[in-house]
Amino acid sequence: MRLVATDLDGTVVRPDGTISARTRAAFEACLNGGVHVVYVTGRPPRWMAEVVAQTGHGGTAICGNGAVVYDLDAERVLQARTLGAAEVLACIERLRARMPSATFAIETLEGFRREPAYRTRYDTGVEEAIGAVAELLADDPGVVKLLCRDETRSSDSMLALARPAVEGLASATHSNPRDCLVELSLAGVSKAATLADLAAARGVDRADVVAFGDMPNDVEMLAWAGRGYAMTGGHPDAVAAAGRTAPSCLDDGVAQVLEHLLRRSA
């Protein structure tokens, strides 16, 4: 084990937003043993400061489901793969044809923007702009994710419709089956693709990567890593992709696995 790649929410971040002392200690033990620890999350960079504050660990993180490589210490975007305006508008046209009740928002390098009808669940009051999507794209803000919400559907049913609709144009996934939301990135972007590049840059073979996750946006990463662990109670797609399970987030599952692996390598 030379690199630990971990999802955050539902994997090490509990429903109340906290990260346990045991998990923090497991990360510290990895770092002290020369093992890289990389957060790989669907979160935008602006949601990362609280994680650094809780864990005391900075370094490099992968955000936006692989679209952004972010320096946690300098609070600076190192790399971004973004959707162009034409791609965003084409995705919206295709998705609205299949989900007439859908509304849209964009997560950009310049901040969060949304249509007036889009109902926020986590970002109310932080919108940089509200308006028609074409207007929100006018200054070419660099779209990290296109967010599609349909309150009449589950995230799983939305994803089943979205993937064939945007095939070849964008990558679609979701990170919460109850959120009525799908997240779209540039075609080819995933947690796994960006993690593979980061590992290679550090001279780490995939066989030496241990990854943890719980949702469809973790599937590619869990399948790619030498050892992938889905959290107990995680989405069935994540469990199937990983081939291994860790105890639940509430039971400090990531910490339990890391403690075992560290003891075995001692």
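How much space lies in the largest pocket? About 980 Å³. Keep in mind that this is a predicted model. Here's the rest, by topic.

**The largest pocket**
- A total of 42 residues line the largest pocket, and those nearest its centre are Asp9, Gly10, Tyr122, Ser175 and Asn176.
- Sorted by class, the lining has 16 charged, 14 nonpolar and twelve polar residues.
- Two strands, β9 (143-149) and β11 (181-186), each give at least two residues to the lining.
- The largest share comes from β9, with three residues.

**The three-strand sheet**
- Here's an open sheet with the order β3-β4-β5 and antiparallel pairing.
- β3 (60-63) and β5 (76-80) sit at the edges with a single partner strand each, so one side of each has no neighbour in the sheet.
- From one strand to the next, the twist averages 30°.
- β4 (residues 68-71) pairs with β5 in the antiparallel sense over four bridges.
- Look for Val69, which stands opposite Gln79 in β5.

**The six-strand sheet**
- This open sheet runs in the order β8-β7-β6-β9-β11-β10, and its pairing is mixed.
- Its edge strands are β8 (129-130) and β10 (170-173), each of which pairs on one side only.
- β6 (residues 103-108) and β7 (residues 111-114) are antiparallel partners, joined over four bridges.
- Ile106 has Arg113, in β7, as its bridge partner.

**A bit of background**
- Strands in a sheet pair through backbone hydrogen bonds, in either a parallel or an antiparallel way.

Note on methods
Residues numbered from 1 in each chain as written. Predicted model: local features only at pLDDT ≥ 70, side-chain atom pairs only at ≥ 80, totals over all residues. Heavy atoms only, no water. Pairing = 2+ DSSP bridges. Axes fitted to C-alpha atoms, helices over the stretch in contact; angles between N-to-C directions. 1 Å grid on protein atoms, 1.4 Å probe; cavity = no way out; pocket = protein on both sides within 12 Å on 5 of 7 lines; lining within 4 Å. Points joined across faces, edges and corners; volume = space filled by probe spheres on them. Nonpolar A, V, L, I, M, F, W, Y, C, P; charged D, E, K, R; others polar.
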